[in-house]
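Work through the two exercises below with the sequence and the model at hand, and try each task before reading its solution.

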Amino acid sequence: MLWLRLVLAAPVLTASAAAQFPSLELVLPRGAQRGTEVELTLHGKHLASARELVFEPGGVTVSALEAQDTLLKAKVTIDGEATLGPRAVWVRTAGGLTNLGTFHVGALKEITEAEPNGTREEAQAITLETTINGVANNEDVDLYAFEGKAGTRVSVEVEGQRLGARLFDPALAVFDPRGFSIGSCDDSALGRQDPALTVVLPEDGTYVVQVRESAYRGDDRCRYRLHVGTFPRPFAVMPMGGRLAEVLEVEMLSEDGHVERTQVTLAAARPHGGWVPQDVAAVHVETPAGIAPTPSWMRVGDLDNVLEAEPNWEWAKLESFEAPAALNGVLGSERDVDRFKFVGKKDETWIFAVHARSLRTPVDPVLSVFRANGQHLKSNDDQGGPDSLLEWQVPEDGEFVVQVRDHLMRGGPAFAYRIEMQRPSASITVGIDGDRPQVAIPQGGSTTINLNIERQRFGGSVDMILEGLPAGVTAQLPQVPQGINSVPIILSAAADAPATSALLPLSAKATDGDIHGGLYHPVELVEGGNNRIYWSHTIDRLPIAVTDPAPIAISVAPPGVPLPRGGRVPLIVNVERREGFEGNVTLRVPYMPPGVNTSRQLQVGKDATTGQFDLDAAGDARKGTWQLVIAADCEGPHGRVTVSSALITLEVTVPLLTFVAEPVSVDQGQGGEMFVTVTRGPQFAGEATVEMVNLPHQVASEVRTVDASTESLVFPITTTGESPVGKHNALQFSARVQLPGGEVLQGLTAAELRVQQPAPAPVKVAEASAKKEEPRPEPKPEEKPAKPPTRLEKLRAEHAARLEGKGEQEGQE
C-alpha cells in the first residue's frame, strides 16, 4: 500500500442529532515543501470522531492527529522524493469519509505571508526560489520584495483557483526598482484563472511582486501559493507527448520566444487537478536553475512523434509522414497555418484529435483534411470543447494533407499543438454517479454506490472488477448489460471487519473481447454561476472506509413474480432498528432498469418497520433480468449514515395478458357489451380477475375471470340517464393475476366507449292511419295597421265636413 495512515483509539462520544455527512472544508497551509514536516489544520464538520487522514499515493505520511468537531490538527511528513503537485485527502471518521480536499506538495522552500504588506514600504522581503502561502482578502493587495541582478530571468506564478478552495481569480504584477511595471498577468492558458509570467530583470535593485484578487473582492478563503524564482516556467513543451518511460529531448517554449532544452521521462498518467483528458502526464521540467513548481502537460501514448519542419504551409514543399503518428508543431506567428502530408488507402478510417487547450496552450484549433491538390474534404472546429476532433474515411488511394490553424488566426512562440492520427479503437471509462464519490461501509452492514459506464465504439456487456478489498469486506458487482450505462454495486463488511480505509483500483472489461478501461472521475471542487465547474480533481481509485456499525439495517424479499410490461409488483422493505435507535428512516431506490418506475424515496416513521415501493413497468420497458438495490438514510451518532440491502433480482417480461377490445356504443340509460379477445403470455399460469376501470360517471361493468382456457371475454356495460354523452377513450382493464409466487397487477388498454342520446320515440303506424287529416285553414291576409293622416289630409277632411254640413242645412230650409 503506497500511502500510510495513523489510526487512533476511538474516543467516547455522545450521539449527535445532525444529519450531515462528515465534511472537509479547508486544509491549511495549502501546501508544503517535500522533505519537510508540517502541521496541518483541517476545517470541517463532524470531525470529532476522526480516526485517520488518508492521502493519495505519493510520499505523504501522518504521525499525529488531534480532533475536534470542526477542527482537526495533523502532523504530516513529506518524503524528499514525493511526487510534486496536488494530493487528494480525506478524513475517515467513525461515521464515514469526508468529501475530497486537496493538499499541494512543492519543490521550493515555503514561508507564510506576513501582514501588513500592502505598500511598497511594507512589502514582505523574500528571496528567490521561494513559495509564499498567502490570502487575498477584500480590497487586499499583497506585496513581496526581492533583490535581483540585471539580466536574471525570473519566473513568477500563482496557484489560486487550482488550489480548489473557492472561485478565485488572482492577478499578478512585477515592478522594477523605480516602481514601473515590467510584467503583469491576470489569466493564462497554462493556469486558466491563475496567472504566470517570466521577466528578465533590466537592472540591479529591489523588485516587487504584487498579488491581489483581480476585482479586489477577495476573502479569507482566497488562498494562494506564490512561486518566485529562477526555475524554468515553460508555457508549452515540444514535442507534447511520447511513450511511457521514454526519455525525451524537449524544447521549453516561453511566451517571449525564449527556448531552453532539457530531458524528461514520461511517467504513467496519474490523478491531477483540472479538466485534463485521460492519458496525460503532469511533467515538472527541470534544469540546472531549478524545477518548475507546477507541471507541463504531456500526452502518454504509443505513437511516433513527427515534428513540423518549416516552411510547412506551402503545398508544393510538404514532406510526407507515415500514419499513424503524433504531429507536433507551433503556430509561431499570426496567420500561421501548418500542413502535413500523408498517403491514404481507400476506405481506411482515421481519427484526428488535436490536443492544445487540453494541454494548456493558447491555441483554439481548427482542423481540416484536403486532397494534395488543395481540394477541401472535411473540417472540425470544436468537438465538445475548444480542441478539434475529426473522423474521416479515405475516399480513394492517394496523397492527402491535414491542416491546423488557430480559429482567430492567432499565433505566438508558445502556440503549440499535437495532432494524434490513429485508427478508431474501442474503450471503456468508469465514472461515479452522484455527488459523493466515496463509500462508507458500516461494520456488519452494506452500502451501495452507482457506477456510470461510458463505452466508445462498442455496445456489448461489461464486467466490473474491484481489487484490493480490505479484510472482511466483500463486493457484489453485477454485469452491465448491453446498452445500459449505469449499474449499482454493493459493498459489505463483516461485523468483525477492521475499521480502515482503502483506495481501490476499479476497472471494467468487455464481457466478450479485449476492451479494458478504468475509473476516471473528476470530483468537482469549484463551482461558479450557472452551475459551471471551474476546477476539479480527478481520481482513478474508489475511496472506501469501514466505519462503526450503523443504527439500522434493511432487507428486501425479492419479488416472487415477474414484472410484466404494463404491470405492477410490490417491493417490501424491512427496517431493523438497533437497540436505542428510534429515529425516522428514508428509503431510496438509487437505480431502476429502463422503463421501470417507482417513487424514488419514502419515509418510514419511528414506529414503523416496513416500507413498500410499487414497481411499475411501462409498455416499452426493457425485458431481461435486472439487479436492484434499496438504500436507507438515517441520523447516526457521528452524522448521516447510509446503508443498503443486498442486490435484488427483478425479471421484466412481456405482458401476462394481452387484450384486443372492440369499440361499443350505447344509449343513455341503456346497456351494451364490449367484446375482448384474450391472448395469454408464456408466463401466465393461474387465474386472473379483470375489471374495467376509469369508467365515466354513472357507467358500470362487471368483473370477469381469465384462466388457462379463456380466449375471449364479454364485459356488460350499463348506463343511466345521467351518464355523460360523448366518446370515452380513457377506459382500461385492470387484471389481478394470481401466480404461484404471488399477485401481479397488470393494466390493459380498453376500446372506445361511446355514449349517445337516445333517438325520439317513433309514432305507431296504426294510430297514424286512424287519424284523418284535417284540412288546413287558408291563412288570412295579414291586415296592415292604418297609416295616420298627414296634416294636409286632416285639413281637407275638415273642409269637406264643413261643406257637407252646410248643404244639409240649406236643404232643410
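Two strands are said to pair if DSSP finds at least two bridges between them, a strand being a DSSP run of E with at least two residues, numbered from the N terminus. The model is predicted, so that local features need pLDDT of at least 70 and side-chain atom pairs count only at pLDDT 80 or more, while totals for chains, interfaces and linings use all residues. Residues are numbered from 1 along each chain as its sequence is written, and side-chain values use heavy atoms, with hydrogens and water left out.

**Exercise 1.** Determine how strand 62 pairs with strand 66, and which residue stands opposite Met674.

Solution. Locate strand 62 at residues 671–680 and strand 66 at residues 712–719. The two pair in the antiparallel sense over seven bridges, and within this pairing Met674 stands opposite Phe715 in strand 66. Turn next to strand 60 (residues 657–661), which pairs with strand 62 in the antiparallel sense over five bridges; here Leu657 stands opposite Arg680.

Technical notes
Helices (H or I, at least four residues) and strands (E, at least two) are DSSP runs, numbered from the N terminus.
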